[in-house]
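Q: I have a model open and would like to learn how to read it. Could you walk me through it?

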Amino acid sequence: MAEGEITNNSSKEGVNENKNNKSCINGTDKTSEKKASMKDPETFCCLLQPGNADSSPDYIGIRRFLLARKAESSSYRRLDWRCNGKGYVAYRNYMRRPRKWEKLQTPSRPSTPGNSGPWNSRSGSFSHLFDAESWNSSKDQRSGSVASTNRSSSLSDSDRPRQRGVEPAYSFVGMHCIFDQCKAAAVTVLKFGHMSSDLLAYGASDGTLVVCSVSDPPSVLKQLNGHSKDVTDFDFSSNNQYIASSSKDKTVRVWELSKGLCIRIIYGVSPQLCIRFHPVNNNFLSVGNANKEITVFNFSTGRIITKSNFDSEVTSMDHDHTGQLIFCGDAQGCIYTASMESRTGALSRSHRYKSGNKLKCPVATVQYRSFSLMTKGPVLLSCTQDGSLSFFSINLESQGYLTLRCSLKLTSRIHTIRASFCPLLSLDKGEYIVAGSEDTHVNFYDLTRPKHTCVNKLQGHGFPVIGVAWNHGENLLASSDLYGVVIVWKRAKTK
């Protein structure tokens, strides 16, 4: 018997019955409430018995019984999730999962080199809901140095039918602009300027460093030539007047952007792999190298202030917002925390997190964030070359002690592919990560989902995507690939 039928019949009886019958029904209502509060199975069996010819069935009692049973079963299911170590967010996502009767009938798209079809996860198909359209014509990408594409995709995220209970994580209206100055050289690293929404720079494997403006119209500001091998990393100063770059040619170069000139060269004895300005005192420049050490230089003089030794090559690093801690990753997959004195620049190792993976792979990304919804405090993201994403909480009172909160295993990579935090959507949304991939897509992941499914992807590159970076305004996402193409994606406005 359906709940809708029960309500209709009960409403009809309420209109047609006289006052005496109303008093009888009210009496049975009170009795049924007392019986529903009991846990006796015989009482429920009596309620489900069909009524006699003289008396009508107690529909109100049956309805209340069914609703009580429904709430009781869901409370048991939530209890089971808690017993398995999962919280309410995991249970809510489980209840919102796509079901067979809720699947949308969307027309199938033919598989082409630029449009590889929907991405299917074990828990359901999401890509046909969240994909940005693929520009599969490589001629449009290679037609000029800067190709501005303010057009949006023919089927934007707002026009697509959405599944009930499923919301897109990030939606994009299309490509904002494309840069391809590197002439088939891999763009190894790219970043937006400090507190800037339109200043973009990227380094390539041919040693060039290109500085661009993504404001309308997009343009190339400077092309910095000087490194003879791969640009491994670079960083903007706090005022965006200087760029410090590291390279496999064993040098660190300091560039003045207004003139486009190299004003200082620091020579090393091994490849320089990562570099960072101190967030508070820009006169300190920290550089990690293949000689298993981090060297702190004086930016003004180029002299060495201090050194700190580690167990393997230092491949990536990042500061906290105060500059008192440095987080770095090495070639064996370990994450280190080092304390730094803001006045003297002295370094001292505090903690080391050693991964349990038997396969030791270099850490490609170490990124710090001062707040997270999952931990209600500072967090750290690391990405290794074997496709392992790790999410740590940071205890600042214990000199940056790291605690692994969750991890995600992606497909193993041949190339060094970077990942990044995504902007916070709101205070009740998940924790999203964006990463490149060797399937030519830019993928978005939600770490709060039980199975960490991919929630969105951007299609447009024709080669493996190596680097990703957000601007300060969080409305533009830049991605670079192995063939030297940089695409700036424009994010849709959120309500």
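This is a predicted model: local features need pLDDT of at least 70, side-chain atom pairs count only at pLDDT 80 or more; totals for chains, interfaces and linings use all residues.

Q: How many aromatic pairs does the structure hold?

A: In general, two numbers describe a pair of aromatic rings: the distance of the centres and the angle of the planes. Here there are 10 aromatic pairs. One of them joins F234 and F236 edge-to-face, at 6.0 Å centre to centre with 75 degrees between the planes. F234 and F236 are both buried.

F310 and Y336 also pair edge-to-face, with centres 5.1 Å apart and planes at 70 degrees. This pair links distant parts of the chain, 26 residues apart: F310 lies in the loop between β16 and β17, and Y336 in strand β19.

Q: Are F310 and Y336 buried or exposed?

A: F310 is buried, and Y336 is buried too.

Q: Which residues form one aromatic cluster?

A: F172, F444 and W470 do.

Q: Which residues lie nearest the centre of the largest pocket?

A: The general idea is that rolling a probe the size of a water molecule over the atoms shows where empty space is left. In this model, the largest pocket has a volume of about 1500 Å³. Its lining has 48 residues, with H194, D318, Q367, Y368 and W470 nearest the centre.

Q: Which strand gives the most to that lining?

A: β21, with six residues. Strands that each supply at least two lining residues include β5, β9 and β29. By class, the lining has 22 nonpolar, 17 polar and nine charged residues.

Definitions and conventions. Residues are numbered from 1 along each chain as its sequence is written. Side-chain values use heavy atoms; hydrogens and water are left out. Rings of Phe, Tyr and Trp (its six-membered ring) pair if their centres lie within 6.5 Å; planes under 30 degrees apart count as stacked, over 60 as edge-to-face and the rest as tilted. Buried means under 20% relative accessible area, exposed over 50%, partly exposed in between (1.4 Å probe, protein chains only). Helices (H or I, at least four residues) and strands (E, at least two) are DSSP runs, numbered from the N terminus. On a 1 Å grid over the protein atoms alone, a cavity is a set of points where a 1.4 Å probe fits but cannot get out, and a pocket is an open set with protein on both sides within 12 Å along at least five of seven lines; lining residues have an atom within 4 Å of a point. Grid points are joined across faces, edges and corners, and a volume is the space filled by probe spheres set on the points. Ala, Val, Leu, Ile, Met, Phe, Trp, Tyr, Cys and Pro count as nonpolar, Asp, Glu, Lys and Arg as charged, and the others, Gly among them, as polar.
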